[in-house]
2 protein chains.
Amino acid sequence: MSPENHLIQLSQDGPTAGPVDLIRLCLFDWAVCAIAGRDEPVSQLLAKFTDTQSALILGTMGHALDYDDTHFDHIGHTSAVVMPAVLAVAEAQKITDMTRIVEAALIGSEAAVRTGLWLGRDHYQIGFHQTATSGAIGAALGCAHLLNLTPTQIQNAIGLAATGASGLKGQFGTMGKPLNAGLAARCGAEVALWALAGITSDPAGLTQFGATHHGQANATAWDRTEPWKIARISHKFHACCHGLHAMLEALAGVTGEVSAMTIHTHPRWMTVCNQPAPMTGLGVKFSYAMTAAMALNGVSTAAISSFSDATANDTALITLRGKILVKPDNTLTEMQARVDVTYTNGSTQTLTHDLEAPLTLETRTKRLKQKARAVVGADLSDQLWTAVQGGTLATLTALVNN
Amino acid sequence: MSPENHLIQLSQDGPTAGPVDLIRLCLFDWAVCAIAGRDEPVSQLLAKFTDTQSALILGTMGHALDYDDTHFDHIGHTSAVVMPAVLAVAEAQKITDMTRIVEAALIGSEAAVRTGLWLGRDHYQIGFHQTATSGAIGAALGCAHLLNLTPTQIQNAIGLAATGASGLKGQFGTMGKPLNAGLAARCGAEVALWALAGITSDPAGLTQFGATHHGQANATAWDRTEPWKIARISHKFHACCHGLHAMLEALAGVTGEVSAMTIHTHPRWMTVCNQPAPMTGLGVKFSYAMTAAMALNGVSTAAISSFSDATANDTALITLRGKILVKPDNTLTEMQARVDVTYTNGSTQTLTHDLEAPLTLETRTKRLKQKARAVVGADLSDQLWTAVQGGTLATLTALVNN
């Protein structure tokens, strides 16, 4: 054991007799207390639950690629946390009715957004990961709904979620980011099951969570007359940087062979995703010219596998990207793009897209099925679609886990 | 499903088609993302670990009665979190050498206190439960030591602990309090195992944790030239309110039959634990007169079972407590008591005790063995003692779990 491995070092001579002997006493006394505490209700209730590990793993899996849905009101990924929590609780309680599961997911997702709005922007700015913090509380409420908890049990579930929720934004760019979603999913699932079993907590837990976690306590977040916040959930249709999405959507309107193209985008994106000549698949994810060339050449920008080193070095795409200019335009929002196209026949066209424009359910369904086919293949996509329409829980979880 | 059960209500007509259909789409898309994320390293690494549930349960058990040790520097219960974390990791990695386990527990306990000192009093005052927050980080470092992690792995473990640590003080008085210890123990154990497996995190995680969690960043907390902070760990020898302990220790000096007694204590305690005539065992835990009478009559104040309704209604004790006065004295600290005793032979004696006076290892050992016998019986106490002196991990965990 080399001393440089340890933040708190032992003395150079190794641990002295004093502290080690003392800790041995602490271990002895701790064991006595643990044995004495074994029959306490909280210990007995906890010992029954071992089956929320799936929420941790599914929560992490669903956010591992950052390709899942986002809600920009509070800035969080709701499904990444709520879905695995609800599925884990359904599995634990043998609730197989997909209608009930979907309804619980709706309540959980709406509650996550509203909790995030109640916490407000300070909470996010100081460094908390809304996906995880408001996600855990939303997930707890979704699971509470699934379990049909009593008001007192719901209070206990919220209090336990408040004391168990965590997640820092500094984890972005590390495995800690998807793990935050997994931890939040497990938290939401566990606390609902614990509350059902009779575990108690501070009824003012959420209020204290707000006070400790830089919340703004925006009371309007709970306004019941407001329309469903979840209606503005945003899905990702392209497996690349968000700054490229409006442009890629606009390019769906291209009608012929392009001879020249100018992409106009918000100035902020120019330093984020305007790599002119990326050398790797990862680089392509941050390149207007390359992703535009892919779209023009019929390469799926929805498929994760498209963003390969081979794509970065594809000569046809490299030739095509030479015809594309990218220009900042501060009259556009960050969610908008405008593309001026000149076709080989000499005609011109201006295409625009605004990511904030509402999608009809029909269009959203069509696009998500296209994405699913690009990501997991047509067969699995069809099976998933059938499962979520009204299949059994077992079918869905088997598809996801296997 | 009655609508009053739910914080976020569905509309009176039940959920409209829009949001439910939308959430079904979200579930479909989430499943696609989860399947696509299944092969990501973080998902694969996580799926291997399912064995830290024992840390959650043992962590909760050990703090369920609040009879475990306390460190007053940062105000936290260190063993409640560190011991179960280290034992769970040892079990998961089949590390059976008790010398290594005890050394890891020492590092973890010291790190918990120092993390708490680094966070400072603001963190505690605003509402965080130091036992759980600094405990999780200390436990992670103890487990990191046990696993002999590399410096990079230690950084990852700390970062993961920072994003996973939680716990609110508002849970005091509910099952949420011991559960906070359990959650922290599981967090510490998990993050060390995850870091060993290669899960990455924000290397500045602890710094961000301090910034988000009202930390004072007291750099002196990390001073390596300081003596072991853990040397001032405080054990509980009486199964009742802390305000009674100095008085009960002073009464060990009583030498004969008492005819009258006046207990002097810090004024703060007069409103906390001076129930003159409690009717229940719980009330006895907050009564100077009754616990003093118990001590004078040879009833163990270390045994949890002594604090029963029968004790509250014991006529001999009720007679004896009539001879006892309790008075506030603001020249005493909260940790001190003074007792003026008059014996039946007319002689008088003044007994004092200061809980902050250091205990020799010998005295502490003797007292903890007495406590253990009172709480779990002589046989189990002896077996535990042998196990922590150098027995195997299996022996210890079998004794605690069975």
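Helices α5(A) and α7(A) cross in a right-handed way (a crossing is right-handed if the near helix is turned clockwise from the far one by less than a right angle, and left-handed if anticlockwise). This is a predicted model, in which local features need pLDDT of at least 70 and side-chain atom pairs count only at pLDDT 80 or more, while totals for chains, interfaces and linings use all residues. Residues are numbered from 1 along each chain as its sequence is written, and chains are lettered from A and ligands numbered from 1 in the order in which they are written.

**The α5–α7 pair in chain A**

- Helix α5 (residues 98-119) and helix α7 (residues 130-146) of chain A pack at about 140 degrees, with axes 7 Å apart; axes are lines fitted to C-alpha atoms, for helices over the stretch in contact, and angles run from 0 to 180 degrees between N-to-C directions.
- That makes α5(A) oblique to α7(A), a word for angles that are not under 35 degrees (roughly parallel), over 145 (roughly antiparallel) or 65 to 115 (roughly perpendicular).
- Residues of α5(A) including A104(A), G108(A) and A112(A) take part in the meeting with α7(A), where G138(A), L141(A) and H145(A) are among the partners.
- By type, this contact has twelve nonpolar, ten polar and one charged residue; Ala, Val, Leu, Ile, Met, Phe, Trp, Tyr, Cys and Pro count as nonpolar, Asp, Glu, Lys and Arg as charged, and the others, Gly among them, as polar.

**Chain A as a whole**

- Chain A holds 18 helices and four strands, which are DSSP runs numbered from the N terminus (helices H or I, at least four residues; strands E, at least two).
- Along the principal axes, the C-alpha atoms of chain A fill a box of roughly 85 × 60 × 40 Å.
- Of the 402 residues in chain A, 54% are buried; buried means 20 or more other C-beta atoms within 10 Å of a residue's own, exposed 12 or fewer, and partly exposed in between, with C-beta atoms placed from the backbone.

**How the two chains meet**

- In chain B, 120 residues are in contact with 120 residues of chain A, contact meaning C-beta atoms, placed from the backbone, within 7 Å.
- Helix α1 (residues 17-37) of chain B gives the most to this side, with 20 residues.
- The side of chain B that touches chain A is made up of 71 nonpolar, 34 polar and 15 charged residues.

- N148(B), in the loop between α7 (130-146) and α8 (151-164) of chain B, has a positive phi near 55 degrees without being a glycine.
- K94(B) is not a glycine either, yet its phi is positive at about 55 degrees; its place is the loop between α4 (78-92) and α5 (98-119) of chain B.
- K94(B) is exposed, with 8 other C-beta atoms within 10 Å, while N148(B) is partly exposed with 16.

Notes: Two residues are in contact if their C-beta atoms, placed from the backbone, lie within 7 Å.
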